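Please examine the sequence and the model shown below before reading on. The paragraphs that follow lead through the structure step by step.

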Amino acid sequence: MADDAPIYGPFFGVMGSAAAMIFSALGAAYGTAKSGTGIAAMSIMRPELIMKSIIPVVMAGIIAIYGLVVAVLIANNIKSPKEGYKLYNGFLHFGAGLSVGLSGLAAGFAIGIVGDAGVRGTAQQPRLFVGMILILIFAEVLGLYGLIVALILTTKL
């Protein structure tokens, strides 16, 4: 084993993969749950709008896909220290996982809050729908930024 490939190097890669999946799934779960409660409350007054109001839930689910993609990319690149997995690689993978995971968590929170208030408001004023979609897009792109940075970090090996 070389000096530049310590035995604990893969730990950071594994933690990066786990962080990508855990934090992005937490954000997606929060966004789904918060938007779902808004949809349930809205559907009492306007049941015909249920399918139109599913958009925030779908957008929250996409956040988890970002984390899954990065987690799989990282997991496929983890090797043993004897195979040359350096500490540098572990740090890059850890940073990539945190990048997509924490930005996905933030995006999921934003999607959940906007989705909840947006679908409730759309039930009372249908013209609010377009504004809600635009705000949801801006919230979703926060997770996309994390994905882009994570992909750049995983290609630096």
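A salt bridge is a side-chain nitrogen of Lys or Arg lying within 4 Å of a carboxyl oxygen of Asp or Glu. The structure examined here is a predicted model, and by this rule it holds 3 salt bridges. One of them joins the side chains of glutamate 48 and arginine 46, with 2.7 Å from N to O. Glutamate 48 has a relative accessibility of 54%, so it counts as exposed. Arginine 46, at 24%, counts as partly exposed.

Another salt bridge brings together the side chains of aspartate 116 and lysine 34, at 3.5 Å from N to O. Because aspartate 116 belongs to helix α3 and lysine 34 to helix α1, this pair ties together parts of the chain that are 82 residues apart in sequence. Arginine 120 is partly exposed, at 36% relative accessibility. Through shared partners, salt bridges join Lys34, Asp116 and Arg120 into one network.

Helix α3, which runs over residues 87–124, also contains threonine 122. Is this residue buried or exposed? Its relative accessibility is 4%, and residues under 20% are classed as buried, so threonine 122 counts as buried. Beyond its neighbours within four places in sequence, threonine 122 is in contact with Arg46, Leu49, Leu128, Phe129 and Met132. Leaving out residues up to four places away in sequence, valine 114 touches Met132, Ile135 and Leu136. Valine 114 and isoleucine 39 are 75 residues apart in sequence, while their C-alpha atoms are 12 Å apart in space.

Met132 brings the discussion to helix α4, where it is one of the buried residues. Others in that list include Phe129, Ile133, Leu136, Ala139, Glu140, Gly143 and Gly146. Among the elements that cover the buried residues of α4 are α2 and α3. Does the length of this helix agree or disagree with expectation? Helix α4 has 27 residues (128–154), which should span 39 Å at 1.5 Å a residue; its end C-alpha atoms are 40 Å apart, and this agrees.

The buried residues of α2 include Pro56, Met59, Ala60, Ile63, Tyr66, Gly67 and Val70. The cover over the buried residues of α2 includes α1, α3 and α4.

Attention now turns to the surface. Ile7, Tyr8, Phe11 and Met15 form a nonpolar patch there, and together they have about 440 Å² of accessible area. Methionine 15 lies in helix α1, which covers residues 9–45. With a relative accessible area of 35%, methionine 15 is partly exposed.

Finally, the model may be set beside the database record. An unreviewed UniProt entry carries the annotation "domain: V-ATPase proteolipid subunit C-like" for residues 15–74 and 94–153. In the model, residues 15–74 are 85% helix and 0% strand, and the end C-alpha atoms of this span lie 10 Å apart. Residues 94–153 are 95% helix and 0% strand, with end C-alpha atoms 9 Å apart. The unreviewed UniProt entry also places the feature "transmembrane region" at residues 12–33, 54–74, 94–116 and 128–153. Over residues 12–33 the model is 100% helix and 0% strand, and the end C-alpha atoms are 31 Å apart. Residues 128–153 are likewise 100% helix and 0% strand, and their end C-alpha atoms lie 39 Å apart.

Key:
Residues are numbered from 1 along each chain as its sequence is written. This is a predicted model: local features need pLDDT of at least 70, side-chain atom pairs count only at pLDDT 80 or more; totals for chains, interfaces and linings use all residues. Side-chain values use heavy atoms; hydrogens and water are left out. Helices (H or I, at least four residues) and strands (E, at least two) are DSSP runs, numbered from the N terminus. Buried means under 20% relative accessible area, exposed over 50%, partly exposed in between (1.4 Å probe, protein chains only). Contact means heavy atoms within 4.5 Å. The expected span of a helix is 1.5 Å times one less than its number of residues. Patches are made of residues with over 30% relative accessible area and no salt bridge: like charges are joined within 9 Å, nonpolar side chains (Val, Leu, Ile, Met, Phe, Trp, Tyr) within 5 Å. Accessible areas come from the Shrake-Rupley method with a 1.4 Å probe; for residues, only the protein chains shown count as cover. UniProt positions are given in the numbering used here, feature names are shortened, and annotations may be inferred rather than shown by experiment.
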